[in-house]
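Trainee: I would like to learn how to read a structure like this one. Can we go through it feature by feature?

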Amino acid sequence: MVYCNQKIVVIDFNVLRTKTYSFFIDDEMCNLTVERKNNRWYYGLVIDHEVDTPKNALRRKLNRKNVFQAIIFLIIVILSISAITLFFSFV
């Protein structure tokens, strides 16, 4: 049984092998993995950034904007260095 904010999110009492459960916490899709290795149990929780959710769409849009701004900045720096180098080569 998995609780989040005092609410039951997942109920599965017969977990005898490795399983993965997906559920939302606020706007984030989370994947909980319950893994059995050598008669020991391991748990992992990751946020799924690949699934199509409004938050992930906004995140991808922001990432594209940041990449575009970085490219523009790099072009400006290269052009500035080239202009300064060209100026001092004629002086």
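Trainee: What share of the residues of the protein chain counts as buried?

Mentor: This is a predicted model, and in it 15% of the 91 residues of the protein chain count as buried. The accessible surface of the chain comes to about 7900 Å². Carbon and sulfur atoms hold 62% of that surface.

Trainee: What radius of gyration does the protein chain have, and what would a compact globule of 91 residues have?

Mentor: The protein chain has 24 Å, whereas a compact globule of 91 residues would have a value near 12 Å. The C-alpha trace spans about 80 × 35 × 20 Å along its principal axes. Among contacts with a separation of 6 or more, 14% come from residues 24 or more positions apart.

Trainee: In what order do the elements run from the N terminus on?

Mentor: The order is β-β-β-β-β-α, which gives 5 strands and 1 helix. The helix, H1, covers residues 54-90.

Trainee: Which residues make up the largest nonpolar core?

Mentor: The general idea comes before the case. In soluble globular proteins, nonpolar side chains tend to be buried together. Here the largest nonpolar core has 7 residues: Val10, Val15, Tyr21, Phe23, Cys30, Leu32 and Val34. The most come from S4, which gives 3 residues.

Trainee: Which residues does Val10 contact, leaving aside its neighbours within four places in sequence?

Mentor: Val10 is in contact with Met1, Val2, Tyr21 and Phe23.

Trainee: Now the helix. Is Asn56 buried or exposed?

Mentor: Asn56 lies in helix H1. Asn56 counts as buried because its relative accessibility is 1%, and the cut-off for buried is under 20%. Not counting residues up to four places away in sequence, Asn56 touches Glu28, Asp48, His49, Glu50 and Val51.

Trainee: And is Phe68 buried or exposed?

Mentor: Phe68 is in helix H1 as well. Its relative accessible area is 54%, so Phe68 is exposed; the cut-off for exposed is over 50%.

Trainee: Which residues form a nonpolar patch on the surface with Phe68?

Mentor: The patch consists of Val67, Phe68, Ile71, Ile72, Ile75, Ile76 and Leu79. Together these residues have about 660 Å² of accessible area.

Trainee: To recap, Asn56 is buried and Phe68 is exposed, while both are found in helix H1.

Conventions. Residues are numbered from 1 along each chain as its sequence is written. This is a predicted model: local features need pLDDT of at least 70, side-chain atom pairs count only at pLDDT 80 or more; totals for chains, interfaces and linings use all residues. Side-chain values use heavy atoms; hydrogens and water are left out. Helices (H or I, at least four residues) and strands (E, at least two) are DSSP runs, numbered from the N terminus. Buried means under 20% relative accessible area, exposed over 50%, partly exposed in between (1.4 Å probe, protein chains only). Contact means heavy atoms within 4.5 Å. A nonpolar core is a set of buried Ala, Val, Leu, Ile, Met, Phe, Trp, Tyr and Cys residues joined through side-chain atoms within 4.5 Å. Patches are made of residues with over 30% relative accessible area and no salt bridge: like charges are joined within 9 Å, nonpolar side chains (Val, Leu, Ile, Met, Phe, Trp, Tyr) within 5 Å. Accessible areas come from the Shrake-Rupley method with a 1.4 Å probe; for residues, only the protein chains shown count as cover. A salt bridge is a side-chain nitrogen of Lys or Arg within 4 Å of a carboxyl oxygen of Asp or Glu. The radius of gyration is taken over C-alpha atoms; the globule rule is 2.2 Å times the number of residues to the power 0.38.
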